[in-house]
Amino acid sequence: MHADHDHVHPHRHPPQPDVEDTPSTYYQRLEEAVRELLIAKGIFTGEDIRRTLEIYDSQSPVLGGKVVARAWVDPAYKARLLADGSKAVEELGIPMDTTKLVVVENTPAVHNVIVCTLCSCYPRPVLGLPPDWYKSRNYRSRTVREPRAVLAEFGTQLPDGVDVRVHDSTADMRYLVLPMRPAGTEGMEEAALAELVTRDSMIGVSLPRAAPVTAP
Amino acid sequence: MNARFNAGEKVHVRWADPPGHLRTPYYIRGKNGVIERVLDAFANPEELAFGRDGLPKQRLYRVRFRQAEVWPDYQGQPGDTVDVEIYEHWLERA
């Protein structure tokens with residue numbers, strides 16, 4: 001330590017900017033008030049909230065990637081996944097919540113893409129929290145109206161002859177796209193295949209990686 | 001509760017604009033589609049939204065629409081479709 005610092009601070013450092021510097025918004029105050037009331041009334045506890053956040057944090061596209069890779073290597077699993085998505089992901093230890101999972105398969109003739117035009121329904125148990133763009137009015141209104149233009153903005157150009165099938169999650173189903181296994185991956189192990197499966201390829205706005213990401 | 005419609009059947013989405021919490025997107029009202037699959041019955045979200053029990057449960061369907069029929073100026077291929085989940089009380093035989 002510098003010799004001059006070996007004393008009680010005679011001067012003040014400017015405070016570091018903090019996330020709570022700006023005044024709280026109407027909805028932040030509303031949330032806080034309702035949360036405090038619900039805890040005070042014993043509807044749930046602070047511990048319940050923390051545990052729920054822990055569950056959200058444990059969900060990520062890594063889980064969806066495992067599901068897709070298993071379907072690529074195991075045709076019987078793939079058949080079960082397409083027949084009943086919820087049951088098939090539970091086989092891999094991924095619990096669905098109250099919603100049901102429908103898995104839709106990309107083929108050389110059909111490309112699937114998922115949207116929720118009404119709000120932001122998303123298959124959280126297999127993909128985690130949705131990206132901000134998924135919740136934007138731009139994505140929600142245009143994916144259903146001009147899906148090919150939206151896909152092009154994500155860098156996805158479909159060959160002629162491929163039909164685009166949009167899935168609007170308006171109610172109690174959640175959708176996951178089963179992308180096509182990239183060409184040239186025949187020799188790859190299931191775990192390596194899972195790393196090719198990106199979040200966006202399971203929403204359907206892009207295709208899986210063609211090869212593993214290598215460190216630069 | 002028996003499903004009123006079967007997979008493959010042609011259906012028409014009612015055109016209605018009642019107030020409240022609705023799960024039938026505006027863009028699909030009044031359009032014709034085909035039942036892609038029959039789903040389970042669920043508590044009616046239009047009732048749940050107002051703190052009621054949502055019973056009797058409503059049958060839910062996935063209905064497939066041809067994009068060219070949904071959007072008159074649709075730019076895409078003739079085979080492009082959109083699937084929407086719609087509750088039975090919004091559907092009529094086409």
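User: What should I know about numbering and confidence before I start?

Analyst: Residues count from 1 along each chain as its sequence is written, and chains are lettered from A in the order in which they are written. This is a predicted model, where local features need pLDDT of at least 70 and side-chain atom pairs count only at pLDDT 80 or more, while totals for chains, interfaces and linings use all residues; side-chain values use heavy atoms, with hydrogens and water left out.

User: Which strands pair with E1(B)?

Analyst: Two strands count as paired if DSSP finds at least two bridges between them. E1(B) runs antiparallel to E2(B), residues 32-42, with three bridges; there, B:Lys10 has B:Val34 as its bridge partner. E1(B) also pairs with E5(B), residues 91-93, in the antiparallel sense over three bridges, and B:His12 stands opposite B:Glu92.

User: Is strand E4 of chain B enclosed or open, and why?

Analyst: Seven of the seven residues of E4(B), residues 81-87, are buried, so the strand is largely enclosed by the rest of the structure. Both faces are covered: B:Thr81, B:Asp83, B:Glu85 and B:Tyr87 lie on one side, with B:Val82, B:Val84 and B:Ile86 on the other.

User: What are its strand partners?

Analyst: E3(A), residues 163-168, runs parallel to E4(B) with four bridges, and A:Asp168 stands opposite B:Val84. E3(B), residues 58-66, pairs with E4(B) in the antiparallel sense over seven bridges, with B:Arg66 opposite B:Thr81.

User: At what angle do helices H3 and H4 of chain A pack?

Analyst: Axes are lines fitted to C-alpha atoms, for helices over the stretch in contact, and angles run from 0 to 180 degrees between N-to-C directions. H3(A), residues 61-73, and H4(A), residues 75-83, pack at about 125°, with axes 5 Å apart. That makes H3(A) oblique to H4(A); under 35 degrees counts as roughly parallel, over 145 as roughly antiparallel, 65 to 115 as roughly perpendicular, and the rest as oblique.

How values were computed. Helices (H or I, at least four residues) and strands (E, at least two) are DSSP runs, numbered from the N terminus. Buried means under 20% relative accessible area, exposed over 50%, partly exposed in between (1.4 Å probe, protein chains only).
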